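Please keep the sequence and the model in view while reading.

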Amino acid sequence: MMNDSTSDAPSQAGLLGRYSSSLTGVFGAPSRVLVRGEGVHVWDADGRRYTDFLGGIAVNALGHAHPALVAAVTEQLGTLGHISNLFTSGPQISLAERLLEVADAPDGSTVFFANSGSEANEAALKLARRHGREDPSGRRTRVLALENSFHGRTLGALAMTWKPAYREPFEPLPGGIEFIPAGDAAALEAALDETVAAVIIEPVQGESGVHGWPAGYLQAARDLTRRHGALLIFDEVQTGTGRTGTWFAHQNPAVTGQDVPVVPDAMTLAKGLGGGIPIGAMMSFGPRVSALLTAGQHGTTFGGNPVATAAGLAVLDTIARTGLLEHVHDLGARLASGLRAVDGVTAVRQYGLLLGLDLTVPPSAEAPVPDGGLAPAVVRAGLEAGYLLNATGPSTLRLAPPLVLGEEEADRLVADLPSLLDAVLQAHQQQHDQEN
């Protein structure tokens with residue numbers, strides 16, 4: 001790891017101590033205090049450099065301190081920062097138009113801007129409720145979500161999030177939401193009838209360890225929801241804005257299993273759309289769905305503010321201008337191919353630059369799996385070696401690096417991963433020997 005610390009800057013240990021005494025502990029203890037970034041690298045308060053393979057959890061699409069993003073935000077903030085939604089601004093209108101264009105949305109489609117993925121999914125849930133209330137039978141009250149889904153932490157989004165450990169401490173949650181087996185078209189068909197208002201699906205589930213669907217599953221969801229009059233909502237908070245090598249995952253043949261897009265009734269975005277500036281969006285496809293939410297039925301103070309939408313425009317323009325979609329497609333395939341050849345990696349699931357890696361302890365190892373799992377231990381070893389990695393489970397790593405990641409950085413991780421695994425296993429073996 002490179003070190004460029006300065007003697008008069010606060011130490012990392014001191015800052016972490018201040019953190020623990022002043023911030024609510026919902027994230028646990030942070031492992032590092034990061035102070036600056038450039039491209040695909042960040043530096044901590046002690047001057048150590050790391051290569052970022054997490055990208056702020058798929059947020060930093062253009063990496064850190066990208067000149068185009070910095071310029072757009074600086075210029076906009078120096079011109080007009082916040083105006084409330086009693087007014088509008090040029091960047092807000094332009095970003096909505098640009099999103100509709102790259103989504104190839106039909107005439108009459110619209111965009112609602114929020115501040116995060118959770119807020120975008122709250123808007124989508126309200127859209128589903130409005131659709132349900134338009135049914136004169138009064139019976140269209142159910143919303144179907146998938147097992148292992150993640151849609152956010154606010155109450156409505158949380159109610160659509162499968163993991164019981166996330167939901168149970170806050171029950172009772174908003175009702176009418178049911179979970180069905182993920183990727184099972186027969187289960188979806190059995191659950192769908194004229195009482196269902198909407199089905200919400202992540203085209204690729206990120207929090208569960210990067211899992212896609214059998215070919216044809218998303219199209220089956222489209223056909224079934226249309227047959228029964230339910231909305232199909234795609235949560236593209238993590239997979240949107242170029243992450244999978246197309247503008248949106250529902251346009252990607254590797255995700256859908258077909259050459260033509262599977263077009264939803266609504267789609268939610270956030271994360272990479274702002275490149276690090278908080279923004280979320282819900283897109284409604286077609287005039288009927290776009291008319292479901294009317295004046296006064298939903299709102300936000302900060303959503304769609306000039307600075308956030310200027311950032312979104314800079315991200316989209318830079319992706320298009322620099323050919324990043326093709327780069328993401330090619331580099332993701334290269335990275336996945338290299339990782340599949342690493343001893344100890346049992347599976348790689350890859351959609352552009354969103355990858356899930358399953359790890360295992362070799363049969364020759366005498367020590368059991370490290371406490372907490374192999375993947376979290378590799379994340380800790382990666383920090384010591386200069387990498388920001390992420391574990392989504394005891395044996396699974398998730399990689400969501402900046403879209404501007406280069407071949408050199410990708411190849412270096414592939415080359416270094418065996419030593420990270422070895423370091424973890426050797427350290428755990430030593431501990432096991434001492435205890436036995």
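## Salt bridges, a helix and a pocket

Q: How many salt bridges does a search of the whole structure find?
A: The model is a predicted one. A search across the whole of this structure gives a count of salt bridges, and that count is 17.

Q: Which residue meets D44 in a salt bridge?
A: D44 belongs to strand 2 (residues 41-44), and its partner sits in the loop between helix 1 (12-22) and strand 1 (34-38), twelve residues apart from it. Both members of the pair are buried. The N to O distance is 3.9 Å, and the partner is R32.

Q: Which residues are linked with R32 and D44 in a network of salt bridges?
A: Side chains of opposite charge can pair when their charged atoms come close. Here the network joins R32 and D44 with D46, R48 and E384.

Q: Is D317 buried or partly exposed?
A: The side chain of D317 forms a salt bridge with that of R98 (3.6 Å, N to O). This pair links helix 12 (residues 306-321), which holds D317, to helix 4, which holds R98, across 219 residues. R98 has 17% relative accessibility and therefore counts as buried, being under 20%. D317 stands at 38%, between the limits of 20% and 50%, so it counts as partly exposed.

Q: What is the N to O distance in the salt bridge of R140 and D135?
A: R140 is buried, with a relative accessible area of 10%. D135 is buried as well, with a value of 17%. Their side chains meet at an N to O distance of 3.0 Å.

Q: How far apart are the end C-alpha atoms of helix 9?
A: Helix 9 covers residues 217-228, which makes twelve residues. At 1.5 Å a residue it should span 16 Å, and the distance between its end C-alpha atoms agrees: 16 Å.

Q: Which elements do the buried residues of helix 9 pack against?
A: The buried residues of this helix are Y217, L218, A220, A221, R222, L224, T225 and H228. They pack against strand 5 (142-146), helix 8 (185-191), strand 7 (196-201), strand 8 (231-235) and helix 10 (253-256).

Q: Which element gives the largest share of the lining of the second largest pocket?
A: This pocket has a volume of about 410 Å³. Its lining has 25 residues, and T110, V111, F112, F113 and L293 lie nearest the centre. Helix 4 (90-102), strand 4 (110-114), strand 10 (280-284) and helix 11 (287-290) each supply at least two lining residues. The largest share, four residues, comes from strand 4.

Conventions:
Residues are numbered from 1 along each chain as its sequence is written. This is a predicted model: local features need pLDDT of at least 70, side-chain atom pairs count only at pLDDT 80 or more; totals for chains, interfaces and linings use all residues. Side-chain values use heavy atoms; hydrogens and water are left out. The expected span of a helix is 1.5 Å times one less than its number of residues. Buried means under 20% relative accessible area, exposed over 50%, partly exposed in between (1.4 Å probe, protein chains only). Contact means heavy atoms within 4.5 Å. On a 1 Å grid over the protein atoms alone, a cavity is a set of points where a 1.4 Å probe fits but cannot get out, and a pocket is an open set with protein on both sides within 12 Å along at least five of seven lines; lining residues have an atom within 4 Å of a point. Grid points are joined across faces, edges and corners, and a volume is the space filled by probe spheres set on the points. A salt bridge is a side-chain nitrogen of Lys or Arg within 4 Å of a carboxyl oxygen of Asp or Glu.
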